Amino acid sequence: MEQAAGVATTAEVREERRLVEGCRRGDFECFERLVGRYEKKIYNLALRMLRDPDDAREILQETFLKVYDNLEKFRGEAHLSTWIYRIAMNEALMRIRKNKHRPRPLEVTDEDGERREIDVEDWAPVPVERLLTKELGGELDRAIALLPEDYRGAFLLRDVEGLSNEQIAKAMRLSVPAVKSRIHRARVFLRNELSRYFAKERRDN
């Protein structure tokens with residue numbers, strides 16, 4: 001049976017424990033291996049959150065500095081990956097708020113140019129792979145950037161990184177229902193934005 005996205009296997013959990021134990025003993029090679037396992041995912045998450053490569057690199061560095069400094073405090077209540085995502089998400093959100101990129105309401109522009117709140121309908125989730133085509137990749141990135149940061153973070157962790165709702169709840173220190181609500185509202189917002197894009201494409205063609 002295929003392993004579900006975001007779910008660590010027993011072997012992966014054992015390997016994580018070995019790496020953590022090695023890091024605690026001062027084995028820098030273990031820390032380099034730990035960084036190698038997650039640096040690409042953390043960088044991509046930070047880049048999508050912040051939309052700036054320099055900021056994303058700084059978040060990556062700050063994340064693993066904090067991981068190194070706080071490994072003694074890691075008690076294994078959550079998977080190591082979830083703990084690292086939590087640190088990265090906190091760093092990204094602090095950077096956004098420091099830059100005064102305040103959360104925006106979930107609104108769209110109607111045909112008369114008026115801003116209005118979206119109707120949160122019962123949309124079925126859309127696999128993100130269907131949206132990440134060459135033509136839509138840039139438009140999807142633009143729409144994701146318009147999400148308030150907390151919704152953006154939950155969406156990216158679920159539909160891009162493949163974490164479970166339970167893992168996201170631990171990473172973002174939320175309840176599972178709150179995570180589900182944020183992901184749902186993010187998906188509805190993105191559907192509205194992409195629907196406007198498709199409508200414009202039809203008019204132009």
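Leaving aside its neighbours within four places in sequence, Leu-34 is in contact with Leu-19, Cys-23, Phe-64, Val-67, Leu-80 and Ile-84. In this predicted model, Leu-34 also belongs to the largest nonpolar core, a set of 49 residues in which Leu-34, Met-49, Phe-64, Val-67, Ile-84 and Leu-157 touch the most other members. At least two residues of this core are supplied by each of α1, α2, α3, α4, α6 (134-146), α7 (149-160), α8 (165-172) and α9 (176-204). In soluble globular proteins, nonpolar side chains tend to be buried together.

Helix α1 covers residues 10-24, and at 1.5 Å a residue its 15 residues should span 21 Å, which agrees with the 21 Å between its end C-alpha atoms. The buried residues of α1 are Val-13, Glu-15, Glu-16, Leu-19, Val-20, Gly-22 and Cys-23, and what covers them includes α2 (28-50) and α4 (80-98). Two of these buried residues, Leu-19 and Cys-23, are also among the contacts of Leu-34. An α-helix has 3.6 residues a turn, so residues three or four places apart point the same way. Just after α1, Gly-26 takes a positive phi of about 90°.

**Cysteines**

The structure holds zero disulfides. The cysteine sulfur closest to that of Cys-23 belongs to Cys-30, and at 5.6 Å the two are too far apart for a bond, given that a disulfide requires sulfur atoms within 2.5 Å. Cys-30 is likewise in no disulfide, its nearest cysteine sulfur being that of Cys-23. Cys-23 counts as buried at 8% relative accessibility, and Cys-30 is buried with a relative accessible area of 8%.

**Aromatic pairs**

A pair of aromatic rings is described by the distance of the centres and the angle of the planes. The structure holds three aromatic pairs, among them the edge-to-face pair of Phe-31 and Tyr-68, with 4.9 Å centre to centre and 70° between the planes. This pair links distant parts of the chain, since Phe-31 lies in helix α2 and Tyr-68 in helix α3 (residues 53-70), 37 residues apart. Ring pairs also join Phe-28 to Phe-31 and Tyr-68 in a cluster. As for the accessibility of the two partners, Phe-31 counts as buried at 9%, whereas Tyr-68 is partly exposed, with a relative accessible area of 42%. Another pair is formed by Phe-74 and Trp-83, whose ring centres are 5.0 Å apart and whose planes meet at 40°, so the pair is tilted. Here Phe-74 counts as buried at 13% relative accessibility, and Trp-83 is buried with a relative accessible area of 11%.

| Aromatic pair | Centre to centre | Angle of planes | Arrangement |
|---|---|---|---|
| Phe-31 and Tyr-68 | 4.9 Å | 70° | edge-to-face |
| Phe-74 and Trp-83 | 5.0 Å | 40° | tilted |

**Confidence of the model**

The protein chain averages a pLDDT of 78, and 73% of the residues score at least 70. Among the elements of the chain, α3 has the highest mean pLDDT (93), while strand β1 (residues 107-109) has the lowest (46). Over residues 1-5 the pLDDT is below 50, and beyond near neighbours in sequence this stretch has three contacts in the model. The pLDDT is also below 50 over residues 101-111, a stretch that has 35 contacts in the model beyond near neighbours in sequence.

How values were computed. Residues are numbered from 1 along each chain as its sequence is written. This is a predicted model: local features need pLDDT of at least 70, side-chain atom pairs count only at pLDDT 80 or more; totals for chains, interfaces and linings use all residues. Side-chain values use heavy atoms; hydrogens and water are left out. Helices (H or I, at least four residues) and strands (E, at least two) are DSSP runs, numbered from the N terminus. The expected span of a helix is 1.5 Å times one less than its number of residues. Buried means under 20% relative accessible area, exposed over 50%, partly exposed in between (1.4 Å probe, protein chains only). Contact means heavy atoms within 4.5 Å. Rings of Phe, Tyr and Trp (its six-membered ring) pair if their centres lie within 6.5 Å; planes under 30 degrees apart count as stacked, over 60 as edge-to-face and the rest as tilted. pLDDT is the predictor's confidence in each residue, from 0 to 100. A nonpolar core is a set of buried Ala, Val, Leu, Ile, Met, Phe, Trp, Tyr and Cys residues joined through side-chain atoms within 4.5 Å.
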